[in-house]
Amino acid sequence: MHAQDVADKQAIRDLQNYYSASIDAGQYDNLDEVFTVDVIADYGPAGHNEGVAAVKETCRNALEPLTAVQHINGNHIAQISGNTAVASCYFHVHQHREGTEGGDHFEMGGRYDDELERRQDGWRIRRRKLTIIWSDGNPDVRWNR
């Protein structure tokens, strides 16, 4: 593997982790540094989004009602082809909402599948698909039923 490939894979891994840390901290404007302006993001049951503003709004609406949230990413894979890449990583998210009838905790595991492009200011995700593989706990914590 060439040094540039290693650097690119690390930059993509950092970008995916920066996304999770940003949304956990409620810093949704950081997503301007993660996605292209015209990103297409399929968040499954949370909705289909076109544009970074829509992604920020979906994340805000999903996470602000929670008392606490923590995304953990792993098993990062990236294939680089010039100025484009396809990448994926697993996620495990813990969600807590105090006072939820039926229990305060919900967690999910799944995968992000991303298409990226290299810009002058670094890698950006231009397409994202979230796939939920499993969940446990009280879904009313997450889905605000």
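Helices, here runs of at least four residues, and strands, runs of at least two, are DSSP assignments numbered from the N terminus. The views below show a predicted model.

**View 1. Lys 56 in helix H2.** Lys 56 lies in helix H2, which covers residues 52-63. With a relative accessible area of 12%, Lys 56 is buried, because buried means under 20% relative accessible area. Apart from neighbours within four places in sequence, Lys 56 is in contact with Tyr 28, Asp 29, Leu 31 and Asp 32.

**View 2. Lys 56 and Gly 99.** This view pairs two residues that stand 43 residues apart along the chain, Lys 56 and Gly 99. A distance of 26 Å separates the C-alpha atoms of Lys 56 and Gly 99. Of this pair, Lys 56 belongs to helix H2.

**View 3. Asn 75 in strand S3.** Strand S3 spans residues 68-81 and includes Asn 75. Asn 75 is not a glycine, yet its phi is positive, at about 50 degrees. The relative accessible area of Asn 75 is 55%, so Asn 75 counts as exposed, the limit being over 50%.

**View 4. Helix H3 and strand S4.** These two elements mark the ends of the confidence range in the chain. Helix H3, residues 139-143, has the lowest confidence, with a mean of 89. Strand S4, residues 84-96, has the highest, at 98. For the chain, the mean pLDDT is 95, and 98% of the residues reach 70 or more. Where pLDDT is low, predicted coordinates should not be read in detail.

**View 5. The chain that holds these sites.** The chain contains three helices and six strands, and their order from the N terminus is α-β-β-α-β-β-β-β-α. The radius of gyration is 15 Å, close to the 15 Å given by the globule rule for 145 residues, so the chain is as compact as a globular protein of that length. Along the principal axes, the C-alpha atoms fill a box of roughly 50 × 30 × 20 Å. Among contacts with a separation of 6 or more, 57% join residues 24 or more positions apart.

View 6. Of the 145 residues, 39% are buried. The accessible surface comes to about 7,600 Å², and carbon and sulfur atoms account for 47% of this area. The chain carries 15 positive and 23 negative charges. The mean positions of the positive and the negative charges lie 5 Å apart.

Terms used
Residues numbered from 1 in each chain as written. Predicted model: local features only at pLDDT ≥ 70, side-chain atom pairs only at ≥ 80, totals over all residues. Heavy atoms only, no water. Rg over C-alpha atoms; globule rule 2.2 N^0.38 Å. Buried < 20%, exposed > 50% of the residue type's maximum accessible area, 1.4 Å probe, protein only. Contact = heavy atoms within 4.5 Å. Areas by Shrake-Rupley, 256 points an atom, 1.4 Å probe, with all protein chains shown as cover. Lys, Arg positive; Asp, Glu negative; His and termini not counted. Charge placed at Lys NZ, Arg CZ, Asp CG, Glu CD. pLDDT = per-residue confidence, 0-100.
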